[in-house]
Amino acid sequence: AATETWSSASGSILLGVIGCPILQSKSPVMHNAGLKALGIPGAYVPLHVNPDKVGETIQAIRTLNFRGINVTIPHKLAVIEHLDRVDPAAEAIGAVNTIVNDNGILTGYNTDGIGYVRSLKSEAISDLSGRKIMVIGAGGAARGIIDALLQENPASIIIVNRDEEKARRLAVSWSSRGDIKGIGFDQIRGCIGGTDILINTTSVGMHPSVDEMPVDPDIIPEGIVVSDLIYNPLHTRLLLESRKRRGCNIHGGVGMFLYQGAYALEYWTGMPAPIDVMREALMSSLG
Ligand code: ATR
């Protein structure tokens, strides 16, 4: 069915990513390598879209018969009202990063959270069931990840946020799906004991010269998994220090980026994504 949609008229598949800014995006290089490895003729292009042009752009996607679009900052929420359907998980998360065009019917998905979990399981810890997880941050990225983590039957999830109320509200809204609570940074010390996996979803650590770490590594339980969504730098100070001082098993954000893209490519083509080729293209573009 997928083949009919994308190759019917032009014989090739059109894909792209909308964002503002967009020049820095590593998606085109990763997906074009993926398409090539799959032997599918087509192209994945970066599209700079200003916030006031989101609706027109989505209409243009239909007109030009793009098979798929990725959505990045700052449009992940704004695209939703322009789509025909939204996957329930993406709806709950409140963010769409992948759009699939089936003959003019556009459906929005969120592959960030499931991409993250696929990466975590394949690169750091294969079974998440019964694990105690602490997530730092309560924004869009955290919501995607928590939704996906809850599908893995963890023992508990603690959300830590600077704006503590936001963490609490998020926890309450998902309380029917598991043992989940929200706290402020001042409560980390009292709650971190017994944690198996610590995940930073905030931007703290993205600018190594100025940023502090979101948590003092000295209070992290020894030998646990410490994960950071940031992939540039490949390893944040939080990861390096928790490995050095606490012997932690560290997991950076590149895999999340890779697998969110892999899921998207699978949705668009109906074929298994060529993970190794995509990873290699991504790593060489990161330098
Ligand atoms: P994203 O989609 O990347 O999650 P977001 O929705 O804007 O972006 O959410 C950013 C998250 O990082 C929030 O949890 C934010 O905390 P607040 O809700 O208290 O604002 C967190 N964050 C950003 N900068 C931070 C900082 N310097 N220290 C602690 N938390 C920070």
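**Figure 1. Contacts of Thr72.** Apart from neighbours within four places in sequence, Thr72 is in contact with Val17, Gly19, Ser25 and Asn97; two residues are in contact if their C-beta atoms, placed from the backbone, lie within 7 Å. The model is predicted: local features need pLDDT of at least 70, side-chain atom pairs count only at pLDDT 80 or more, and totals for chains, interfaces and linings use all residues. Residues are numbered from 1 along each chain as its sequence is written. Thr72 belongs to the loop between β3 (68–71) and β4 (85–86); strands (E, at least two residues) and helices (H or I, at least four) are DSSP runs, numbered from the N terminus. Thr72 is partly exposed because 19 other C-beta atoms lie within 10 Å. A residue is buried with 20 or more other C-beta atoms within 10 Å of its own, exposed with 12 or fewer, and partly exposed in between, the C-beta atoms being placed from the backbone.

**Figure 2. The annotated binding site.** In an unreviewed entry, UniProt places the feature "binding site" at Ser25, Lys26, Ser27, Thr72, Asn97, Asp112, Tyr231 and Gln260. UniProt positions follow the numbering used here, feature names are shortened, and annotations may be inferred rather than shown by experiment.

**Figure 3. Surroundings of Tyr231.** Tyr231 is found in the loop between β11 (225–228) and α9 (237–246). Leaving out residues up to four places away in sequence, Tyr231 touches Gly252, Gly253, Val254 and Phe257. Tyr231 counts as partly exposed because it has 19 C-beta neighbours inside 10 Å.

**Figure 4. The shell around the ligand.** The ligand is surrounded by 14 residues, the closest being Gly139, Gly140, Ala141, Arg162 and Asp163; a residue is near a molecule if its C-beta atom, placed from the backbone, lies within 6 Å of it. Helix α6 (residues 140–150) gives the most to this shell, with three residues. Four residues of the shell are nonpolar, seven polar and three charged. Here Ala, Val, Leu, Ile, Met, Phe, Trp, Tyr, Cys and Pro count as nonpolar, Asp, Glu, Lys and Arg as charged, and the others, Gly among them, as polar.

Figure 5. UniProt lists residues 122–203, in an unreviewed entry, for "domain: Quinate/shikimate 5-dehydrogenase/glutamyl-tRNA reductase". Over residues 122–203 the chain is 33% helix and 22% strand, and the end C-alpha atoms are 24 Å apart.
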